[in-house]
Amino acid sequence: MASSKRSDSPPLNPRTTSYEFLGPPGAFAITFGVPFLAYALYFACNESSGACPPPIPTLLPSLQQAVTDPAFWWKLWDPKAFTLYYSWYAFCVVAWAVLPGDWVQGSQLRNGKHQKYKINAFSTCLLALGLSTGYILRFGVESFTFFYDHWIGFTSAALSMSVLQGLLWYALSFQQGKLLALGGNSGNPIYDFYIGRELNPTVGSLDVKSFNELRPGMILWLLIDISMACEQATRLAGHVTDSMLLVLFFQGLYIIDALYNEPAIFTTMDIVSDGFGFMLSVGDLLWVPFVYSLQARYLAFNPKDLGYAKSAAIVGVNFLGYYIFRTANNEKNVFRNGNNPKNLTYITTERGSKLLTSGWWGRSRHPNYFGDILMALAWSLPTGFDTPVTYFYVIYFGVLLIHRQRRDDENCEKKYGKDWHRYVKLVPYRIIPYIY
């Protein structure tokens, strides 16, 4: 009788029957496309490229000349940058282990267990900032420009770490007893490697996915921005423009806020449902620090002074986005913890879940994404309008958030069924109230 019940229960790791990103062909294209774009954004926008971007008639001949030259490929390998990057990653691991931090319990997993997370990303950042500040004060701003000087080498080092982790955790996911992501067990190696097969890779008590989400890439992004400001100060005899200060302040605030509110990520789709594969490793370790810092890198070699009026307007855009982003997330987190100080209205689904229908979450189904988009725009506005390249982040981020919104809505429709349709009628707007 007991064995009959066990056989009738659904398998713990069912086979994935539907694809995202157009399936294996899309996963293959993105696996190569993301690193290509990271390199392309550098080669298309640097002080030796002739323009930002270079004149279109020269692009193809320059590309053909570069890829057929062995010296070009050797420049991607920079022993100093590789050593520094891998040392940085080791520093983050040691800081996670040594620095004190509370342990919190994540959402219940399909196997009935809970993943536990150590909260010390913010203190890791403070330690890194303290050491960097001491280094700059001791050796001068010109000593902290090595990210600018070795950009391609650092990019290659981050890519190598992303590939290594993607391959490692894909291979280890075939060990007995692993809990797999529902979306990453298709049986197609290209797709599963990209999307992530194992839900929560763990080394001892270190959760690899949440560790990579906030520490090595996110904190490095801030250090790179500081390095770009040092590069600009070195060129301008110690002066840092107001545009660079705005970018550094906006992005620094965003990063520190994310690290300080570390527990908030444990309810996100990345942590709860996505497996850890190349998609997350390359996003966390390569894309975030070396693409999101594009505006600071541009201003390092193309300084701009905006003046008080323009600076104030840009600050207003950023803080409007930050206010929407933070208050919306806080509203959701407080409600999920069983509190409702604002007396927000909600519907209760047949599964027992509660979906907010007032407050920020009554204005749109993803109001935090709206705040994200406004902040992304504010990060690009200090670069002016001489080039569209520095607005790549806004366009990319908008597309990314719309894709995430559609993924989330599809998952919620499967999860809640007719209750989701009732909720959508009450909250019709997806991201931007009254527009989309």
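Me: Which helix supplies the largest share of the lining of the second largest cavity?

Reply: In this predicted model, that helix is α2, with 3 residues. Rolling a probe the size of a water molecule over the atoms shows where empty space is left. Here the second largest cavity holds about 30 Å³ of space.

Me: Which element gives the most to the lining of the largest cavity, and how do the lining residues divide by class?

Reply: Strand β2 gives the most, with 3 residues. The division is 5 nonpolar, 2 polar and 5 charged.

Me: What about open space: what volume does the second largest pocket have, and which residues lie nearest its centre?

Reply: A cavity is a space from which the probe cannot get out, whereas a pocket is open. The second largest pocket has a volume of about 1,200 Å³. Its lining has 37 residues, and Tyr39, Phe43, Ala44, Ala66 and Phe72 lie nearest the centre. Helix α3 provides the largest share, 8 residues. The elements that supply at least two residues each are α2, α3 (56–67), α4 (70–75), α7 (146–149), α8 and α15. By class the lining of this pocket comprises 23 nonpolar, 8 polar and 6 charged residues.

Me: Now helix packing. At what angle do α8 and α14 pack, and how far apart are their axes?

Reply: Angles over 145 degrees count as roughly antiparallel. Helix α8 (residues 151–172) packs on helix α14 (residues 278–291) at about 165°, and their axes are 8 Å apart. The two helices are therefore roughly antiparallel. Their crossing is right-handed.

Me: Which residues make the contact of α8 with α14?

Reply: On α8 they are Trp151, Phe154, Thr155, Ala158, Leu159, Met161, Ser162, Val163, Gln165 and Gly166, and on α14 they are Phe278, Ser281, Val282, Leu285, Leu286 and Phe290. The contact has 11 nonpolar and 5 polar residues, with no charged ones.

Me: How do α16 and α18 pack: at what angle, and with their axes how far apart?

Reply: Helix α16 (residues 308–336) and helix α18 (residues 367–380) meet at an angle of about 155°, with axes 7 Å apart. That makes α16 roughly antiparallel to α18. The crossing of α16 with α18 is left-handed.

Me: Which residues of α16 and α18 meet?

Reply: From α16 come Ile314, Val317, Asn318, Leu320, Gly321, Tyr322, Ile324, Phe325, Ala328 and Asn329, and from α18 come Pro367, Asn368, Phe370, Gly371, Asp372, Leu374, Met375, Ala378 and Trp379. This contact has 13 nonpolar, 5 polar and 1 charged residues.

Methods:
Residues are numbered from 1 along each chain as its sequence is written. This is a predicted model: local features need pLDDT of at least 70, side-chain atom pairs count only at pLDDT 80 or more; totals for chains, interfaces and linings use all residues. Side-chain values use heavy atoms; hydrogens and water are left out. Axes are lines fitted to C-alpha atoms, for helices over the stretch in contact, and angles run from 0 to 180 degrees between N-to-C directions. Helices (H or I, at least four residues) and strands (E, at least two) are DSSP runs, numbered from the N terminus. Angles under 35 degrees count as roughly parallel, over 145 as roughly antiparallel, 65 to 115 as roughly perpendicular and the rest as oblique. A crossing is left-handed if the near helix is turned anticlockwise from the far one by less than a right angle, and right-handed if clockwise. Contact means heavy atoms within 4.5 Å. Ala, Val, Leu, Ile, Met, Phe, Trp, Tyr, Cys and Pro count as nonpolar, Asp, Glu, Lys and Arg as charged, and the others, Gly among them, as polar. On a 1 Å grid over the protein atoms alone, a cavity is a set of points where a 1.4 Å probe fits but cannot get out, and a pocket is an open set with protein on both sides within 12 Å along at least five of seven lines; lining residues have an atom within 4 Å of a point. Grid points are joined across faces, edges and corners, and a volume is the space filled by probe spheres set on the points.
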